[in-house]
Amino acid sequence: MSAKKIAVLSVLLLLSVSLPLSGKGSVRCPAVNTDSALVWNNTGWQQPDDSSSVNKRGFIERVKDYFKESNTEKQNKRFDFSVIGGPHYSSDTKLGLGLVAAGFYRKNLADSLTTPSNVSLYGDISTVGFWLIGIRGDHIFPHDRQRLDYNMYFYSFPRHFWGIGYGAGSEASDYTDFRELYLRASIDYLFKIGRAFYIGPAAEFQRSVAKDITPDNLYRWNGEKLNCTNAGIGFRLQYDSRDNLTAATSGFYCALEQRYFPSFAGNIPKGFGYSELSLRFYRGVWKGGVLAGAYHARLSYGDVPWSQLSTFGGSSTMRGYYEGRFRDKGEMDITFELRQHVYRRNGLAVWAGAGTVFPRFSAMRFRHILPNVGIGYRWEFKSRTNVRVDFGVGRGETAFIFSINEAF
């Protein structure tokens with residue numbers, strides 16, 4: 001099945017549960033025997049009572065009801081979660097199936113002003129043998145005085161490797177195949193020090209293993225270790241005036257992160273570190289329209305292992321490029337995106353951007369700047385949480401992306 005057909009099926013799947021069906025035009029299916037069916041409520045799976053069995057509904061109708069109510073904020077529930085899955089296609093993982101369970105929760109139901117905490121369990125599997133499982137979230141303490149941001153995931157990925165530097169990735173077909181096993185866990189504990197200002201310690205652990213490399217392609221790793229284990233600490237300084245963490249419509253976000261990985265905390269001969277800067281803004285431009293912009297820069301230094309070099313691509317930055325095709329000690333990218341609500345829970349997005357990699361500032365070249373454009377469909381899965389299907393175009397490659405939450 002072609003990539004375009006997979007993308008169309010993904011959009012039609014979401015449209016089918018977001019648009020109302022008229023009485024005569026609705027699809028009917030055999031009714032489910034509700035006398036033996038189990039029903040989910042806050043206390044778990046239970047047998048329905050006799051009064052509920054009179055309203056027998058088919059499986060399709062109940063699925064539609066589930067998605068129809070999924071974006072309604074439940075003020076009386078401490079924890080509100082929903083599950084969604086769908087197909088996707090990209091240049092790196094090919095045809096795959098993603099599954100996400102997203103939830104919002106509040107410690108104090110009476111506090112409706114503080115942004116709710118969020119957590120997402122996510123998984124993916126594809127036809128090339130790629131699989132991934134992870135958890136990420138933002139825990140907001142009472143009155144937003146502290147924040148705990150975390151992300152942990154593991155994947156096994158039969159992927160391409162071009163080498164290190166812009167020149168290595170400039171030839172799209174000049175790569176080798178290998179399998180990467182990758183584990184990453186990070187946590188930031190932030191304290192509010194002023195209006196929208198946060199600062200706090202950060203910790204990170206990474207383990208990367210490169211397997212199944214043919215001997216005649218080992219030169220692409222420049223003699224570096226193929227198995228890398230790193231643990232580091234640092235800090236994060238953040239300004240965040242966004243009105244929402246998952247689908248902002250106004251505000252500004254700025255984060256400066258510093259990490260250092262000493263040699264004794266891993267299997268690398270010398271220590272290394274990186275500095276990372278993220279700038280984002282969100283502004284309403286007309287009814288239902290939001291203009292968003294993001295600038296990102298990551299500079300690493302020291303004896304940086306191949307798996308920790310700066311790169312872009314994938315589902316968040318420079319969508320449309322194979323993640324890891326271009327990698328070096330430094331990376332910069334910028335993106336402007338227009339997001340437009342269209343009808344009910346449906347929306348569209350278009351973006352344009354550019355990015356590059358470099359070993360040091362003095363080696364940056366204008367001709368090495370890579371373009372990026374794309375278009376995407378948005379469906380409001382939960383209140384202020386969008387499922388997105390993006391089609392990104394880069395220099396010499398394209399990608400379809402199925403994911404939850406905005407790219408930035």
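**A loop and its surroundings**

Modeller: Asn 222 lies in the loop between strand 9 (197–211) and strand 10 (227–240). The model is a predicted one. Phi of Asn 222 is near 55°, which is a positive value in a residue other than glycine. Asn 222 counts as exposed, because its relative accessibility is 53% and the cut-off for exposed is over 50%.

Met 318 also has a positive phi, near 50°, and is not a glycine. Met 318 sits in the loop between strand 14 (310–311) and strand 15 (327–328). Met 318 has a relative accessibility of 1%, so it counts as buried, the limit being under 20%.

Positive phi values also occur in the turns of two hairpins. Strand 5 (residues 117–126) and strand 6 (residues 131–140) run antiparallel and are joined by eight bridges. Within this pairing, Asp 124 stands opposite Leu 132 of strand 6. Four residues lie between the two strands of this hairpin, where Gly 129 takes a positive phi near 95°.

Strand 6 is also joined to strand 7 (residues 146–161), by ten bridges, and these two run antiparallel. Here His 139 has Leu 148 in strand 7 as its bridge partner. The hairpin of strand 6 and strand 7 has five residues between the strands, and His 143 in the turn has a positive phi of about 60°.

As for cysteines, Cys 228 is buried at 2% relative accessibility, while Cys 254 is partly exposed at 24%. The count of disulfides is zero.

How values were computed:
Residues are numbered from 1 along each chain as its sequence is written. This is a predicted model: local features need pLDDT of at least 70, side-chain atom pairs count only at pLDDT 80 or more; totals for chains, interfaces and linings use all residues. Side-chain values use heavy atoms; hydrogens and water are left out. Two strands pair if DSSP finds at least two bridges between them. A disulfide is a pair of cysteine sulfur atoms within 2.5 Å. Buried means under 20% relative accessible area, exposed over 50%, partly exposed in between (1.4 Å probe, protein chains only).
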